[in-house]
Amino acid sequence: MMKRKHLDEISWEDFNNLSLEEKAPYLVQANGRPFHTLFAQQFDREQLDRLCDLATRIRRISKHREGVKFLGDLLCHKRAMLYFSQPSSRTFLSFYAACQILGFRIAEVRDPSISSEMKGESREDSIRTFSSYFDMIIMRSPLQGLAEKMAWLLSNTNRPLPIINAGSGKDQHPTQALLDIYTLVLSFEKRGGLANKHILFCGDLARGRTVRSLALLLTNYSNISMTFAAPDQLQIGKDILEQLDNAGVKYELTSNFKDAIPQADAVYMTRIQDEWDTKPGESSHIDLTQYSFTGDDLKRLPMYSIIMHPLPRRTEIDTACDNDPRAMYWRQMRNGMWIRSALIATNFGRDDEITQYYMKNLK
Ligand code: NCD
């Protein structure tokens, strides 16, 4: 378990210059539970196992009216702010639903053009304003590192509340990685768990933040191997490969996606992230025909393997695959609601109560 350090005892410059591993102990509470959720490297295996178990308990408790009432009472005295200054459907709604499950009252700012940012207010002042009214801020931003900066900023005020990064630029999407891990854990429950599995990533791996966060979280499981299939321009970043090297993870880079399918336990498809093009339309010239999963590919995918996608999809998974039992992307999306409730319940120290209720009423 990580030793607690205090975010208000370090300057922003000094904190910002630390490695992510060095930053991680600043994000936990005295009792070892995560407080802020900012990047994948802050989670260890013990925390991941606890969150997955708690998500399953919440899911099962939610099947009963009494259980829904119990969960909905846990944090009914708290308010959450969803501050999303980048497009989102799933992540926004899944956090919204996760907060509702736990009884939060919720407000949202999704369009900074109708907020005081248009009057010239800094993001820092906006966040301080939200912190006056709310008990948690869930934020998505095109800017890498903004959530970290805000967590640091608030720690130096009298309202140091939890910040959850719901997607930061091209860099990280830690809670998507949590729901991806939860989906993999559930899918391989009867096949010896996640250890020893081979994950095949395909698509825009250079700019896809979900792949970057998931590849890092996977280093917590033993003997995982990965293949990254992408055209050269869209191949996974060297910074991620370095961290995989440090963790001793075996991986391979290829431009031949189709040949890698028969060896995959999970195929993780992604869309082209052309909103990051430096010149509009520049990635429309990249030939992506070999980087999609078609109805024919189902024949070459092993019987117990799964297909994942963080969504939204464009053409990279043929809709002909949607009703195949290996198509996991719809369930993956729903799993997000459970693991996000588990995370938030843990941030607010309600995890033990949920486990006690589960053991008493549903075990
Ligand atoms: C992803 C994202 O926003 O990074 N979507 C999501 O949160 N489920 C992937 C994407 O937009 O392609």
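Visitor: How many Å separate an oxygen atom of the ligand from an N or O atom in the side chain of Gln-273?

Guide: A polar contact is a pair of N or O atoms within 3.5 Å; within protein, one must be able to donate a hydrogen and the other to accept it, and residues adjacent in sequence count only if both atoms are side-chain atoms. Here the separation for Gln-273 is 2.8 Å. The ligand, taken alone, exposes 320 Å², and the protein buries 93% of that (Shrake-Rupley method, 1.4 Å probe). This is a predicted model, in which local features need pLDDT of at least 70, side-chain atom pairs count only at pLDDT 80 or more, and totals for chains, interfaces and linings use all residues. Residues are numbered from 1 along each chain as its sequence is written, and side-chain values use heavy atoms, with hydrogens and water left out.

Visitor: Why does the ligand lie between domain 1 and domain 2?

Guide: Domain bounds come from an automatic or database domain assignment. Domain 1 (7-173 + 336-351) and domain 2 (174-333) both contribute residues to the shell around the ligand, so the ligand lies between them.

Visitor: Which side chains meet in a salt bridge?

Guide: A salt bridge is a side-chain nitrogen of Lys or Arg within 4 Å of a carboxyl oxygen of Asp or Glu. Asp-171 and Arg-212 form such a pair, at 3.1 Å from N to O. Across the interface of domain 1 and domain 2 the rule finds one salt bridge and 15 residue pairs in polar contact (both at pLDDT 80 or more).
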